[in-house]
Amino acid sequence: MVNIKHAKLKAWVDEVANICTPDAIVWVDGSEEEKKRLERRGVARGQLIPLDAGKYPGCFYSRSKANDVARTEHLTYICTKDKEAVGPTNNWMSPEEGYQKAREILKGSMVGHTLYVIPFSMGPIGSPFSKIGVELTDSIYVVLNMRIMTRIGQAVLDQLGTDGEFVKCLHSKADLDVNKRMILHFPEDNTIWSVGSAYGGNALLGKKCLALRIASWQARKEGWMAEHMLILGVEQNGKTEYVVAAFPSACGKTNLAMIVPPEGLKGKGLKIWTVGDDIAWLRVGPDGRLWACNPEAGFFGVAPGTNSKSNPNAIKTVQKNTIFTNVLLGDDLSVWWEDGEGAPPASGTNWEGRPWKPDFKDKNGRPLLGAHPNSRFTAPAGQCPSIAPNWEDPKGVPISAVIFGGRRERLAPLVFESLDWNHGVYLGSTVASERTAAAEGSVGEIRRDPMAMLPFCGYNMGEYFGHWIEMGAKIPKPPKIFHVNWFRKDANGKFLWPGYGENLRVLEWILARARGEGKADKTPIGYLPTKDAIDLTGLNLTAGAMDQLLAVKPEEWAGELDGVKTFFEKFGAQLPKELWSQFNALKDRLKSKVTA
Ligand code: GTP
Ligand code: SPV
Ligand code: MN
């Protein structure tokens, strides 16, 4: 039994119960016994399938509806009194309209279902970084995922006390009708309402809805930053230095966060420590540096492509107590996905619930996918072999470098360093990337995804850029800002850089530069590593690959400026003048180099 002392929380739960009319209300206490009970219930209702207990202890399989397998950005809204507040990159709705439309769908939506009340903390309970939320949901899957992804239960209620502040998060699957799906954020009311979806960021409201959209709004007001970033530490000679990196969805955060040093660098005694793989909350510390905390407690990672070569630590992390969503379910109660581990099962059921065998073809004659490209695993961060011993430190970790990156076949070199903070903000604001399967839309198309926050910034992105500029002035010892691209391709469409563990070679250079070491050439776009600056020991790159990876062609960059200009103009007067200065300065630097 939970002990509830917070009158406003109780009143709000009653208010929601009056709208959704569930058969019962259960307050989630976070205990082991409760977890077992919920798992049994989920299994009895066909929402979860226990995997082979010998091979996958404590693991479950889940499949969402075929129309509900990725975030739906076009159905995601920020609801504020003033339309200007959300800017040109967010969908807007008035709070009145949002509440009213969603209420129509929510009315009676929980008849025959239980309403679960999940008190959760983003960040270690009691840390000065942390924020508390309470999610009301009719989904057992959501409760069990939130249990992994956040800290939940009685300890959170205790922290909340009689009148603590919390974000009101309401989630109902309703009838999972895509035409009645809405992911609504009310930052002025500290409220999130999500209806009609049961998948990922649409339903686990602590993640993108709270920890990024609502938190970014709060962060601007309170003078900190909420970012779509991994956090990792690199240890050498007993000293650990930390970086944060923002890459768009499905562009390698989980992978980089837990890389294993490559064979060729073994002699250097480098160790990688994972602090977070998706979200970072950043504050200026008493020492004048920028400090980062991972608000999450688990990983909701992309499954396809994860194998013991690409990401051995992720494979080890998901051996137990993991929920697998929309991967292939083997008839032997195993799980499998494309580019996964080992041979596929002889037969199974694919992400759509269709019978599957390794040789089955789809209607276009291509191999029938076992797993959806955005299928995922939910696993406790503490199970990761590379988890940092201090990953739950309430102070966070001090940051030496900020890294931006995108998925780009051309143009962006393997790595470069900004000239200063504001130039780094310019680099972040102009990140472009090929679309992935993490959100609905056509995969491969290039879009601007500034700071990897396009779908997650809870307010006017022009003001968000301004907040980045202002933060630079408030951090006495700011980290240096870099840009990376693991995805450059050669003329035959093959990746030029091997990526994954080998990315540590690039991190080494970045950290050296952050310390004021490391060799670089100044180019119009920023500092590039000199030819011998990146340690390539034991790496057999094809001839000329490194030249291509580090090439900067002023003509190509000048061509890119048109796209940046069009993008910046969208923000009108909200675009900080500092970014136009950066734009003009870059233009001038390129002009002096364009020879043709
Ligand atoms: P979200 O959880 O959606 O925010 O994504 P993420 O950024 O954590 O993405 P993740 O690490 O799961 O990236 C998945 C995709 O990136 C897979 O297709 C990987 O194969 C690919 N990937 C990751 N690292 C590299 C790399 O260094 N090189 C190449 N070529 N591909 C990579
Ligand atoms: C992303 O899409 O960036 C994710 C997955 O990390 S979700 O939680 O669904 O947003
Ligand atoms: Mn993400």
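**Exercise 1. Describe the lining of the second largest cavity by residue class, and give the volume of this cavity.**

Step 1. In this predicted model, the lining of the second largest cavity has three nonpolar, three polar and six charged residues (Ala, Val, Leu, Ile, Met, Phe, Trp, Tyr, Cys and Pro count as nonpolar, Asp, Glu, Lys and Arg as charged, and the others, Gly among them, as polar).

Step 2. Among the lining residues are Arg71, Glu73, Arg435 and Asp449, together with Pro248, Ser249 and Thr436.

Step 3. The second largest cavity has a volume of about 120 Å³, a volume being the space filled by probe spheres set on grid points joined across faces, edges and corners.

Residues are numbered from 1 along each chain as written, while chains are lettered from A and ligands numbered from 1 in the order in which they are written. Local features need pLDDT of at least 70 and side-chain atom pairs count only at pLDDT 80 or more, whereas totals for chains, interfaces and linings use all residues; side-chain values use heavy atoms, without hydrogens and water.

**Exercise 2. Work out how many cavities of 30 Å³ or more the structure holds, and what lines the largest cavity.**

Step 1. The search of the whole structure finds three such cavities of 30 Å³ or more (on a 1 Å grid over the protein atoms alone, a cavity is a set of points where a 1.4 Å probe fits but cannot get out, a pocket is an open set with protein on both sides within 12 Å along at least five of seven lines, and lining residues have an atom within 4 Å of a point).

Step 2. The largest cavity has a volume of about 170 Å³, and Phe416, Leu427, Thr430, Trp557 and Glu560 lie nearest its centre among the 17 residues that line it.

Step 3. By class, the lining of the largest cavity divides into 11 nonpolar, three polar and three charged residues.

**Exercise 3. Describe the largest pocket, and say which helix gives the most to its lining.**

Step 1. The largest pocket holds about 1100 Å³ of space, and of its 49 lining residues Ala250, Cys251, Val302, Pro304 and Arg407 lie nearest the centre.

Step 2. Helix H6 (200-203), helix H7 (206-222), helix H8 (253-257), strand S18 (298-302) and strand S24 (376-380) each supply at least two residues of this lining, and H8 gives the most, with four residues.

Step 3. The lining of the largest pocket comprises 21 nonpolar, 16 polar and 12 charged residues.

**Exercise 4. Explain why Cys384 has no disulfide partner.**

Step 1. The whole structure contains zero disulfides, a disulfide being a pair of cysteine sulfur atoms within 2.5 Å.

Step 2. Cys251 is in no disulfide, since the nearest cysteine sulfur, that of Cys457, is 18 Å away.

Step 3. For Cys384 the closest cysteine sulfur, in Cys59, is 15 Å away, which is too far for a bond.

Step 4. Cys251 is buried, with a relative accessible area of 2%, and Cys384 is buried as well, at 2% (buried means under 20%, exposed over 50% and partly exposed in between, for a 1.4 Å probe and protein chains only).
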